[in-house]
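I opened my notebook to look up how the chains in this model meet. Here is what I jotted down along the way.

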2 protein chains.
Amino acid sequence: MPATASAFVPGHVTGFFSVHGDEDPLAAGSRGAGAALSDGVTVRVEAGAPTAVELNGERSRIEAVGNVLDRLGTTARVVCETPLPISAGFGVSGACALGTALAVDAAEGGGWTENQLVTIAHAAEVEAGTGLGDVVAQARGGLPIRVEPGPPPRGRLDGLPARPRVEYVSFGGLDTGSVIGGETGSLSAAGERALSDLREAPGVGTFMAASRQFAREADLLTDRVADAVDDVEAAGGEAAMAMLGETVFALDGGLSAAGYDARACRTSGGARVLDDVSAVPGGADAPRD
Amino acid sequence: MPATASAFVPGHVTGFFSVHGDEDPLAAGSRGAGAALSDGVTVRVEAGAPTAVELNGERSRIEAVGNVLDRLGTTARVVCETPLPISAGFGVSGACALGTALAVDAAEGGGWTENQLVTIAHAAEVEAGTGLGDVVAQARGGLPIRVEPGPPPRGRLDGLPARPRVEYVSFGGLDTGSVIGGETGSLSAAGERALSDLREAPGVGTFMAASRQFAREADLLTDRVADAVDDVEAAGGEAAMAMLGETVFALDGGLSAAGYDARACRTSGGARVLDDVSAVPGGADAPRD
């Protein structure tokens with residue numbers, strides 16, 4: 001019988017970022033800042049079973065998950081469940097990749113360190129072209145700041161100590177690959193300015209303001225997102241766009257207060273193996289850490 | 001009225017370590033590995049109030065907490081509560097220091113990053129002579145491996161991805177200052193061997209075996225600790241000594257199975273600001289992350 005294990009990986013919204021490409025997926029990455037969410041992905045694996053991947057009950061091809069299994073030199077049935085919108089800026093593919101790495105290691109009784117598994121999942125996600133910074137941020141949790149791009153030991157993380165409640169609403173997806181695979185010079189310059197602002201005056205207010213400025217400067221705002229951000233501000237709250245999706249996130253009850261039908265969650269700790277395969281994370285029921 | 005905020009910091013037991021002294025508290029530290037526990041310390045601060053420190057309802061002088069307030073340039077009433085034994089190898093002083101740093105920053109509305117607050121608490125603890133590695137491990141959570149000594153950006157952490165249940169029993173304290181302040185050459189050599197073993201075959205079994213070997217080689221085992229570790233192994237479990245206390249920790253129900261009246265908890269995520277000052281963490285009620 002194949003060995004089973006489960007992991008939980010938080011969702012992750014990025015407020016601003018800069019692209020740091022490299023031929024080597026262990027050196028490629030992004031700088032930036034975001035929020036890890038208690039709405040995330042639960043990944044259950046049957047290590048050694050023929051490889052098959054499910055997302056929310058449907059057979060799915062998540063390239064980053066296949067890449068992780070290849071790098072671990074194993075096969076597995078991988079069952080991912082999430083309340084998060086897909087391809088809308090929540091890092092679902094990175095969460096599936098990292099959750100697969102953690103759960104396969106647990107099912108096989110160990111053999112890897114967390115940094116090694118994070119590095120494998122990061123490389124798998126970069127090779128798939130679906131993300132540059134979610135995996136390292138999801139591994140850390142909180143409000144992660146990607147100070148130096150890439151996975152350990154090259155990458156460096158910091159974080160904001162606050163743990164605000166977060167609301168979000170998504171109007172649809174944006175194609176991550178077409179943005180981070182295209183011309184990113186002015187986007188990255190805007191991201192570096194935002195990071196510099198945040199490091200000069202660390203705090204949640206600076207993070208949200210720098211994120212809004214980044215979305216404008218990088219020319220990524222859509223009308224619906226811009227309207228929602230403005231509505232939240234008009235109602236006295238703080239909101240920004242989640243990179244890269246047509247998605248708005250707000251602190252505390254900001255979106256509800258502005259009349260939006262938003263989903264609420266908490267800032268989450270980092271990705272972790274679950275010690276009970278029957279645990280059903282998500283929202284207020286997210287696993288304890 | 002002074003602003004209030006709270007933080008939770010996990011307890012931390014070290015299985016093995018090596019001492020890396022330095023005149024500069026930002027460069028001093030330890031290598032080693034341990035476990036962050038859901039039994040920890042909740043710290044509530046009233047920032048700006050005259051400085052006064054309480055531990056479990058009694059006025060207390062915790063030098064590391066005073067050092068943190070000095071470094072933050074503020075005063076505060078600091079109320080620490082914990083179910084953990086004091087001075088018995090659970091990192092309570094480090095937890096009080098880190099919790100004070102996180103809670104004061106939250107009460108004052110931000111201004112510091114997590115790495116900055118960890119660095120302040122680490123330096124405060126080193127200056128007090130009460131620890132070298134607990135603070136960075138408590139900030140990270142899980143089963144932390146201190147790969148390079150000291151706080152960010154010098155220090156480097158990794159971790160084991162497992163999240164076992166942990167039991168512990170304490171027979172009393174050992175004086176951390178007299179051990180880490182004395183001749184530590186052979187202790188550190190044993191600690192480096194243990195770390196090398198763990199990095200060669202990462203896993204919880206290696207961690208526990210390397211910890212037992214370290215305690216023997218460093219000549220820190222007391223009779224009561226040695227007996228309890230043997231009893232757990234005889235009952236089919238895994239146990240080791242918590243550095244530095246006359247304390248035994250075991251995986252899962254290892255101590256209970258061997259007939260000891262042990263306290264049970266979980267592996268915990270890292271230190272975090274609490275968003276509800278009425279939360280009462282500890283054991284099964286530890287705050288979600």
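Entry one, the shared surface. I noted that 100% of the interface residues of chain B are also interface residues in chain A, so the copies meet through the same surface. I keep in mind that this is a predicted model.

Entry two, the symmetry. I looked up how the chains superpose: a rotation of 180 degrees, with 0.0 Å of shift along its axis, puts chain B on chain A at an RMSD of 0.0 Å. The two copies are therefore related as by a two-fold rotation axis.

I found 33 residues from chain B and 33 residues from chain A in the contact. On the side of chain B that touches chain A, α2 (92-107), α3 (114-128), β7 (156-160) and β12 (272-274) each supply at least two residues. Which element gives the largest share of that side? I found β7(B), with four residues. Sorted by class, the side of chain B that touches chain A holds 13 nonpolar, ten polar and ten charged residues.

I then turned to α2(B) and α3(B), which pack at an angle of about 145 degrees with their axes 9 Å apart. The crossing of α2(B) past α3(B) is right-handed. From α2(B), the residues making this contact include Ala97(B), Leu98(B), Ala101(B) and Leu102(B). From α3(B), I wrote down Leu117(B), Ile120(B), Ala121(B) and Ala124(B) among them. By class, the contact of α2(B) with α3(B) has ten nonpolar, two polar and two charged residues.

Methods. Residues are numbered from 1 along each chain as its sequence is written. Chains are lettered from A and ligands numbered from 1 in the order in which they are written. This is a predicted model: local features need pLDDT of at least 70, side-chain atom pairs count only at pLDDT 80 or more; totals for chains, interfaces and linings use all residues. Two residues are in contact if their C-beta atoms, placed from the backbone, lie within 7 Å. Ala, Val, Leu, Ile, Met, Phe, Trp, Tyr, Cys and Pro count as nonpolar, Asp, Glu, Lys and Arg as charged, and the others, Gly among them, as polar. Axes are lines fitted to C-alpha atoms, for helices over the stretch in contact, and angles run from 0 to 180 degrees between N-to-C directions. A crossing is left-handed if the near helix is turned anticlockwise from the far one by less than a right angle, and right-handed if clockwise. Copies are superposed by least squares on the C-alpha atoms of residues with pLDDT of at least 70 in both.
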